[in-house]
Amino acid sequence: TISKAFPQLYFVDLGPLVAPDLFKKTNSVYFVNEAIRKVESMQMWDGSVSYWPGFYTSSWWGSVYAAHFLVEARKAGYEVKDNVLKRLLSFVAKKSKEKHTYDYTNYFENRREFRKIASKEILYSLYVLALAKQADISTMNYYKARPFLLATDSKYLLAGAFALIDKWHAYNELIPKSFTPEVCDRYTGGNFDSEIRANSIMLNVLLEVEPNNQQIPYIVRYLSQNAYKMINTQEQAFGFLALGKAASRAAKGNLNVALLANGKQLNSYSGKDVNAAGAELNKGNVYLKANGTGEAYYFWSTEGLKANDKVQEEDNFMQVRKTFYDFRNKNEIRDNNVYQGQLIVCKITLSGFDRSVDNVVITDIMPAGFEIENPRLSASANNTWTSKTPLVYQFMDIRDDRLLLFTNLQSRASQEFFYLARVVNQGVFQKPVIGAEAMYAPEYHSYNGAGWVRVSSTKFGIAKSTK
């Protein structure tokens, strides 16, 4: 929610260009306001924010992230409830005083380094508190005196916190004199750390407090060259914020760019964002011809379905499988032949290999002739469909055509989930794959089970005669 709304605070005009279909009836103001209301509804008794709606535990990084968003939203003129922000900042201030450390792995000049550092949530908290004019100077000084506890991006955050309260001497002591990329392991939970996000945070801090810093072009180049790694919502949000702010500054020049397709000019850029779409872009060659001084950035977006394209079925670091059973006799349905009106028990099995991973989403898309009848069969009273290793899910999203389960993957263990579906339409339908992916580490994934389902009018597959 926050990752989609945060950039719209700064780039009001860019959203309709990137995703015009979403902005036909609404605008960025609507989406930001909806995000504010959603975040406010997820606040818990202690002021923190949960990761999922209705979830019972706090997300520390998520709470700081939410506080950052709400502080910036209020600065941009949006209405944020005083009691919500006050309680949230109080939680952030309390957590920032914890002297929590953890084992950190980063990479420098082809060497892998291990050390104990302060939790990145702490330094992010100190930066957001300073941004909200509630700086915790004593805690800031504690970490300023212990730079060995700070990762590189944490140093930028702490330096930025000092700059926000006009302590420029401390800022200059902490900020590195030159840019060295922070390369670290990817986290699938906790603080959701990754290489792209760490360097994007560094660029965001410099653009906020010292926009003329000479490191900025080098970080922009590094992020641009590694944009293909920008996969999860944290990387996209911080990366887009940083590169977008840098692009806005770089675009202030005397530059004109003509968009040509098949020798015909379709549009031109002269300082104000423009877009072009249509059949002309799908035929022949497209050219950009620039004149003047300055820089401009472009993106190319296509959508559609590949003809006769099949999903590659594979198991990378995990395995997900779906099995159909007849509800009445408990027999496994092996041939994908079912009949109209039949109740089907769907069993989802998620198995981990050598590593555990947080925040895995299982996407189970129904064949067109099926409807989900009871998505919580495992919890039904007097239910004989049970499992010794039930799937413990954090959130369930039930839609017309699919079931989404959000859970954690346990290494060398299997978990099962049962739900009930009804066959409603006759015909032959595609059976989509069932997929499982780690939300913050997409190399962890599994796709399996594509095929066809034949739905007959009777149990024996005999069609009714008609005149």
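In the predicted model, the side chains of Asp-315 and Arg-321 meet in a salt bridge, with an N to O distance of 2.8 Å. Asp-315 is partly exposed at 27% relative accessibility, and Arg-321 is likewise partly exposed, with a relative accessible area of 24%. A salt bridge is also formed by Lys-322 and Asp-364, whose closest N and O atoms are 2.6 Å apart. Because Lys-322 belongs to strand β8 and Asp-364 to strand β11 (residues 357–365), this pair ties together parts that are 42 residues apart in sequence. Both Lys-322 and Asp-364 are buried.

In total, the structure holds 23 salt bridges. One of them joins Glu-195 to Lys-229, with 3.3 Å between the closest N and O atoms. Glu-195 is located in helix α10 and Lys-229 in the loop between α11 (216–225) and α12, so the contact ties together parts 34 residues apart in sequence. Glu-195 is buried, its relative accessible area being 12%, whereas Lys-229 is partly exposed at 22%. A network of salt bridges links Lys-120, Asp-153, Asp-193 and Arg-197.

Lysine side chains are also placed over aromatic rings. The charged end of Lys-95 sits over the ring of Trp-60, at 4.5 Å from the ring centre. Lys-99 lies over the face of Tyr-142, and the distance to the ring centre is 4.8 Å.

Aromatic pairs number 25 in the structure. The ring centres of Tyr-10 and Phe-11 are 6.3 Å apart and the ring planes stand at 65°, so this pair is edge-to-face. Tyr-10 is partly exposed, with 31% relative accessibility, while Phe-11 is buried, with a relative accessible area of 10%. Tyr-102 and Tyr-104 form an edge-to-face pair, with 6.1 Å from centre to centre and 80° between the planes. Tyr-102 has a relative accessible area of 13% and is buried; Tyr-104 is buried at 1%. One aromatic cluster is made up of Phe-6, Tyr-10, Phe-11, Trp-61, Tyr-65, Phe-69, Tyr-124, Phe-238 and Phe-240.

A search of the whole structure finds one cavity of 30 Å³ or more. The largest cavity holds about 130 Å³ of space. Its lining consists of 14 residues, and those nearest the centre are His-68, Tyr-127, Asn-204, Phe-238 and Lys-245. Two or more lining residues are given by each of the helices α4 (60–75), α6 (120–131), α10 (195–209) and α12 (233–250). The largest share, four residues, comes from α10. By class, the lining has nine nonpolar, two polar and three charged residues. Phe-238, among the residues nearest the cavity centre, is also a member of the aromatic cluster.

Asn-336 has a phi of about 60° and is placed in the loop between β8 (318–326) and β9 (337–339). With 17% relative accessibility, Asn-336 counts as buried, because the limit for a buried residue is under 20%. For Arg-412 the phi is about 50°, and the residue is in the loop between β14 (402–409) and β15 (414–423). Arg-412 counts as exposed, with 65% relative accessibility, because exposed residues are those over 50%.

Note on methods. Residues are numbered from 1 along each chain as its sequence is written. This is a predicted model: local features need pLDDT of at least 70, side-chain atom pairs count only at pLDDT 80 or more; totals for chains, interfaces and linings use all residues. Side-chain values use heavy atoms; hydrogens and water are left out. Buried means under 20% relative accessible area, exposed over 50%, partly exposed in between (1.4 Å probe, protein chains only). On a 1 Å grid over the protein atoms alone, a cavity is a set of points where a 1.4 Å probe fits but cannot get out, and a pocket is an open set with protein on both sides within 12 Å along at least five of seven lines; lining residues have an atom within 4 Å of a point. Grid points are joined across faces, edges and corners, and a volume is the space filled by probe spheres set on the points. Ala, Val, Leu, Ile, Met, Phe, Trp, Tyr, Cys and Pro count as nonpolar, Asp, Glu, Lys and Arg as charged, and the others, Gly among them, as polar. Rings of Phe, Tyr and Trp (its six-membered ring) pair if their centres lie within 6.5 Å; planes under 30 degrees apart count as stacked, over 60 as edge-to-face and the rest as tilted. A charge sits over a ring if NZ of Lys or CZ of Arg is within 6 Å of the ring centre and within 35 degrees of the ring normal. A salt bridge is a side-chain nitrogen of Lys or Arg within 4 Å of a carboxyl oxygen of Asp or Glu.
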